[in-house]
Amino acid sequence: MTILAGKRVVLGVCGSIAAFKAAQLCSTLVQAGAEVDVILTRAAREFVTPLTFQSLTRRAVYGDLYGDVAANPSLSSAHVDVGMHADVLVVCPATATTIARLAHGLADDMLACTALVSRAPLVIAPAMNVGMWEHLATQANVATLLARGATQVGPTFGRLAEGISGMGRLAPLEDVVGATRAALGRGGPLAGRRVVVTAGGTHEPIDPVRFVGNRSSGKMGHALAEAARDAGAMVVLVTGPVSLARPWGIEVVPVETARQMADATLGACEGADLLVMAAAVADYRPAVESDRKLKRSGDALAITLAPNPDILATVSARFGDRLVKVGFAAETGEVAAEATRKLHAKGAHLICANDVSEVGSGFGTDTNRVTMFGRDGSVEALPMLPKPEVATLIIARAGALVAARGGATA
Ligand code: C5P
């Protein structure tokens with residue numbers, strides 16, 4: 001599970017047409033194992049019903065400060081209890097009115113009371129008309145919340161409900177989830193640490209339209225970058241071409257070729273505490289890249305391949321053990337022997353090996369079965385798990401290696 005598992009999330013929903021999207025967010029948080037207490041403002045209840053959220057969370061849904069108590073006296077202290085026990089408060093969508101209430105410390109509805117009582121991190125995902133968003137009053141209120149440590153996600157530019165395009169659309173929900181995870185992870189075991197993660201395969205050009213590539217989806221690397229962020233780290237993700245969304249709160253450096261990945265990774269490793277090389281780097285590239293599209297002829301075509309640099313080994317040669325280095329070994333048999341060989345050949349502290357011939361493990365899948373081979377001779381076999389869970393366990397192990405070396409560098 002990710003950092004959301006077992007956490008108490010208060011989800012405040014305000015009266016915007018984007019309120020219907022909060023139901024999907026709520027479902028995602030529940031599926032990730034969070035206990036979600038939903039608070040609907042009076043205006044939100046005009047757009048979505050408590051029953052929607054009750055059904056998703058199987059918990060009471062809060063809203064009308066006075067009506068709820070009249071109907072159920074046990075809720076008489078809900079306006080303080082919910083906020084006191086929260087691990088994070090997420091307001092999505094956040095309207096201009098609620099942002100103003102929170103900025104000014106008003107306590108005239110259940111959501112505002114909860115926010116005032118709570119000391120948990122606050123995440124706001126604004127959604128409103130572009131004029132309301134750009135108004136100096138709203139901007140000043142958002143600035144007040146940010147100065148107090150709140151996280152702002154969006155809004156984005158796009159089509160608004162009134163039919164015009166402008167700034168004011170709710171951010172993608174995966175960004176809201178990412179920001180919530182990052183807020184929960186603040187001050188975690190990798191706080192103050194710099195982590196570099198590589199992901200995806202590389203594309204090695206043959207000519208302007210063709211390349212040599214591999215089947216890596218980048219899912220494992222992206223999950224590792226998110227797990228490191230959730231542990232409090234500042235993360236740089238160097239990624240080959242993938243069809244995955246940019247993860248929230250992570251500096252992403254997109255690259256295409258192994259040589260570009262080598263340059264970006266070596267640059268990012270300067271001053272880093274941890275490198276996790278999850279990328280499936282092409283071992284070879286076409287020795288010559290044609291600047292014109294190769295024409296089809298009836299004959300066989302021979303392409304000479306030249307070796308690419310081994311990025312992990314190059315990082316080890318340049319930086320030694322100044323940072324902890326984690327490598328991967330995707331094998332089709334002889335897993336233990338190959339992992340041990342790579343541990344030493346590449347100067348890694350940890351090699352995460354998997355047998356890609358096993359169904360459900362490796363390229364493109366959502367799950368992976370990994371065994372971690374440590375430089376100290378330790379062997380830890382993990383069961384088949386979803387990649388985000390594998391990532392959490394690898395980052396925990398790597399984080400312990402970083403911690404054992406002492407002093408945060410930031
Ligand atoms: O040798 P092999 O490609 O199996 O090694 C896998 C490990 O080495 C992975 O961590 C991968 O990211 C890294 N690697 C590298 N540079 C290469 C090839 C692999 O850093 N050119």
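Where does P155 lie? P155 sits in the loop between β6 (151–152) and β7 (156–159). Helices (H or I, at least four residues) and strands (E, at least two) are DSSP runs, numbered from the N terminus.

This is a predicted model, in which local features need pLDDT of at least 70 and side-chain atom pairs count only at pLDDT 80 or more, while totals for chains, interfaces and linings use all residues. Residues are numbered from 1 along each chain as its sequence is written, and side-chain values use heavy atoms, with hydrogens and water left out.

1. **Cis peptide bonds.** Most residues other than glycine have a negative phi, and most peptide bonds are trans. The bond from G154 to P155 is cis, with omega near 5°. C92 and P93 are also joined by a cis peptide bond, with omega about -5°. P93 is in strand β4 (residues 88–94).

2. **Positive phi.** R58 is not a glycine, yet its phi is positive, near 55°. R58 sits in the loop between α3 (50–57) and β3 (61–62). R58 counts as exposed because its relative accessibility is 78%. Buried means under 20% relative accessible area, exposed over 50%, and partly exposed in between (1.4 Å probe, protein chains only). E334 also has a positive phi, about 55°, and is not a glycine. E334 is in the loop between β17 (324–331) and α14 (335–345). With a relative accessible area of 65%, E334 is exposed.

3. **Ligand shell.** The residues around the ligand include M277, D283, D310, F328, K342 and K346. A residue is near a molecule if one of its heavy atoms lies within 4 Å of it. By class, the shell has seven nonpolar, one polar and four charged residues. Here Ala, Val, Leu, Ile, Met, Phe, Trp, Tyr, Cys and Pro count as nonpolar, Asp, Glu, Lys and Arg as charged, and the others, Gly among them, as polar.

4. A polar side-chain atom of K342 is 2.5 Å from a ligand oxygen atom. A polar backbone atom of M277 is 2.7 Å from an oxygen atom of the ligand. For F328, a backbone N or O atom lies 2.8 Å from a ligand oxygen. The protein covers 87% of the 450 Å² of accessible area that the ligand has on its own. Accessible areas come from the Shrake-Rupley method with a 1.4 Å probe. Elements giving two or more residues to the shell are α13 (311–319) and β17.

5. **Salt bridges.** The count comes to 20 salt bridges, each a side-chain nitrogen of Lys or Arg within 4 Å of a carboxyl oxygen of Asp or Glu. D321 and R375 meet in one, at 2.7 Å, N to O. This pair links distant parts of the chain, 54 residues apart. D321 is partly exposed at 38% relative accessibility, and R375 is partly exposed at 37%.

6. **Salt bridges within helices.** E226 pairs with R229, the closest N and O atoms being 3.4 Å apart. They are about one helical turn apart because three residues separate them in helix α11 (residues 219–230). R229 is buried, with a relative accessible area of 4%. E338 and R341 form a salt bridge at 3.0 Å, N to O. Both lie in helix α14, three residues apart. E338 is partly exposed at 23%, as is R341 at 45%.

Terms used
A polar contact is a pair of N or O atoms within 3.5 Å; within protein, one must be able to donate a hydrogen and the other to accept it, and residues adjacent in sequence count only if both atoms are side-chain atoms.
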